[in-house]
Amino acid sequence: MPIIQGKLIVFSGLDGAGKSTQIQLLMEELKQRGRKPVYLWTRGGYTPLFSACKTFLRLALKRKLPPPGRSEKREKAFRKVWVRKLWLVLSILDLILVYGVYIRVSRVFGRIVIADRYVWDTWIDFNLGFPEAYVDRWITWKILKRVSPRPDLTFLLVIPVKEALIRSRKKNEPFPDSEDTLKKRREIYTNQSHKAKYVMPDCLQPVKEVQKTILKNVSEILD
């Protein structure tokens, strides 16, 4: 029996650009082709494992930890340098497990891992949220980059900031980025697109047209 090589397909970009929609369509298409794709959503400090640990600590400490999401209590806690550093270190260690172990094992077993966000997206989050931390200089971050497998295909989905704000409102995003943050994110993504081999479909086109571009590129790495 031939060995089926697993793949890593990454979707990066702005919220509202259509990542969730295109990932769902791709998952359905791959299942129809007889493949068994694995969906993986990650964000530094908010992976399922990390969130479960925080829930456990809130119960154990009788809610001494700030509640999930943005709040005055959370902002107050993160003003403490040691809290910020501890949170960042634990977030990075968690991603080392997810990217360095889970993704690699999944690929060994021939699974197609579809990652909603990846290392670069987390770096942007940390850079915008904690610019004074210089996380990319930390040994833990360097380890994360080292153990994270190189994607076989990366899609970068971006749209104009005004359109992103409109779509976020329509989706009722619980914690949407501000216009200023979206501008900074888009600028970083755009600058990075010139340095990396990203596939950038026109996300202002109809969903089906964007899907065609994605499926064409996916078929090339699977054939």
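The following legends describe close-up views of one predicted protein model.

Residues are numbered from 1 along each chain as its sequence is written, and side-chain values use heavy atoms, with hydrogens and water left out. In this predicted model, local features need pLDDT of at least 70 and side-chain atom pairs count only at pLDDT 80 or more, while totals for chains, interfaces and linings use all residues.

**Figure 1. Overall arrangement of helices and strands.** The protein contains nine helices and four strands; these are DSSP runs numbered from the N terminus, with helices (H or I) of at least four residues and strands (E) of at least two. Along the sequence, the elements follow the pattern β-α-β-α-α-α-β-α-α-β-α-α-α. Of the 223 residues, 48% count as buried, where buried means under 20% relative accessible area, exposed over 50%, and partly exposed in between (1.4 Å probe, protein chains only).

**Figure 2. Salt bridges around Asp125.** The structure holds 14 salt bridges, each defined as a side-chain nitrogen of Lys or Arg within 4 Å of a carboxyl oxygen of Asp or Glu. Asp125 pairs with Arg43, the closest N and O atoms being 2.9 Å apart. This pair links distant parts of the chain, 82 residues apart: Asp125 belongs to helix H5, and Arg43 to the loop between strand E2 (37-41) and H2. Asp125 counts as buried because its relative accessibility is 13%. A salt bridge also joins the side chains of Asp125 and Arg185 (2.8 Å, N to O). Here too the pair links distant parts of the chain, with Arg185 in helix H8 (residues 179-193), 60 residues from Asp125. Arg185 has 8% relative accessibility and therefore counts as buried. Through shared partners, salt bridges join Arg43, Arg117, Asp125, Asp177 and Arg185 into one network.

**Figure 3. The salt bridge between Lys19 and Asp15.** The closest N and O atoms of Lys19 and Asp15 are 3.6 Å apart. Lys19 counts as buried because its relative accessibility is 7%, whereas Asp15, at 27%, counts as partly exposed.

Figure 4. Arg117 is not a glycine, yet its phi is about 85 degrees. Arg117 lies in the loop between strand E3 (112-116) and H5 and, at 5% relative accessibility, counts as buried. Tyr134, also a residue other than glycine, has a positive phi near 50 degrees. The loop between H5 and H6 holds Tyr134, which counts as partly exposed at 45% relative accessibility.

**Figure 5. The second largest pocket.** On a 1 Å grid over the protein atoms alone, a pocket is an open set of points where a 1.4 Å probe fits, with protein on both sides within 12 Å along at least five of seven lines; lining residues have an atom within 4 Å of a point. Its lining has 20 residues, with Val119, Trp120, Pro151, Gln192 and Tyr198 nearest the centre. Strand E1 (7-13), helix H5 (119-129) and helix H6 (139-147) each supply at least two lining residues.

**Figure 6. A nonpolar surface patch.** Leu49, Leu97, Val101, Val105, Val108 and Phe109 make a nonpolar patch of about 610 Å². Such a patch joins nonpolar side chains (Val, Leu, Ile, Met, Phe, Trp, Tyr) within 5 Å, from residues with over 30% relative accessible area and no salt bridge. Helix H4 (residues 81-108) gives the most, with four residues. Leu49 is placed in helix H2 (residues 48-60) and counts as partly exposed at 47% relative accessibility.

Methods:
Patch = residues over 30% accessible without salt bridge, like charges linked within 9 Å, V, L, I, M, F, W, Y side chains within 5 Å. Areas by Shrake-Rupley, 256 points an atom, 1.4 Å probe, with all protein chains shown as cover.
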